[in-house]
Amino acid sequence: MGRGVRSRVFPTLPRGTVVLPVDAYLLTGLAMCAVLLVALAGTAYLAVFFNRRAKDDLTAAFTPLAKRMDGSFELDNAEIRGAYQNYPVFARMANATEGPGRVFQVDVLDAAGGDLWQYTSNPPTKREPERTVEFEGDDEIRQIVKPAIETESRRFLDPDIERFRVEYLPREGVVRLVRAMRSRRDIPDAGTLASELDMLTGIAGRNRAWVESRNGGEVRA
């Protein structure tokens, strides 16, 4: 035979086989769905991994603090409860009330029924080259607590770098220290916490004496 057009040979399908046409767009869509499922599974795994790692980190940070406070902690609430120098005390991570970010709060539970006061220290900024201090409350209690805060806070922080707040909440009967957290690992160590509690319990005692003097020796604990 001479050279001619070669015939193409196709595989023979079993009798009765039904061949359906497949749209190229359908195949592409199925492939994208498969990729999406794999990505979602990977994301879920990473979320579980990092959540477990975050809890491990928090456990490692909170364990010595709970020991120093002779108490215990809850990871879900990121809170430690205990006692220090016969005062009920609490320490927790919380959302900042004055903007985005997280703060670390330390509370000393004492007398209720006084008047609200708040001490806020602001570090220097471009607009304010000098450190500023704001005090909201009665001038008499300002003269009592401000010198103690100015002196004792320097044992565990630098007011020229860090903004912090000390306040008395009369309804709760709480003297509180609030410090901004630069990261989720920015948690004080046991020694720093002890210095913070030393300052707060001292201020609580001064505040209680002031409340009693104003209320004729009566105070609600």
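**From one residue to the chain**

Asn122 is part of strand E5, residues 117-122; strands (E, at least two residues) and helices (H or I, at least four) are DSSP runs numbered from the N terminus. This is a predicted model, in which local features need pLDDT of at least 70, side-chain atom pairs count only at pLDDT 80 or more, and totals for chains, interfaces and linings use all residues. Residues are numbered from 1 along each chain as its sequence is written, and side-chain values use heavy atoms, leaving out hydrogens and water.

Asn122 counts as buried because its relative accessibility is 13%; buried means under 20% relative accessible area, exposed over 50%, and partly exposed in between, with a 1.4 Å probe and protein chains only. Leaving aside residues up to four places away in sequence, Asn122 touches Arg131, Thr132, Glu134 and Arg163, where contact means heavy atoms within 4.5 Å. With Arg163 there is also a polar contact between the two side chains, at 2.7 Å. A polar contact is a pair of N or O atoms within 3.5 Å; within protein, one must be able to donate a hydrogen and the other to accept it, and residues adjacent in sequence count only if both atoms are side-chain atoms.

The protein chain as a whole has three helices and eight strands, in the order α-β-β-β-β-β-β-α-β-β-α along the sequence. Of its 221 residues, 33% are buried. Among contacts with a separation of 6 or more, 53% join residues 24 or more positions apart.
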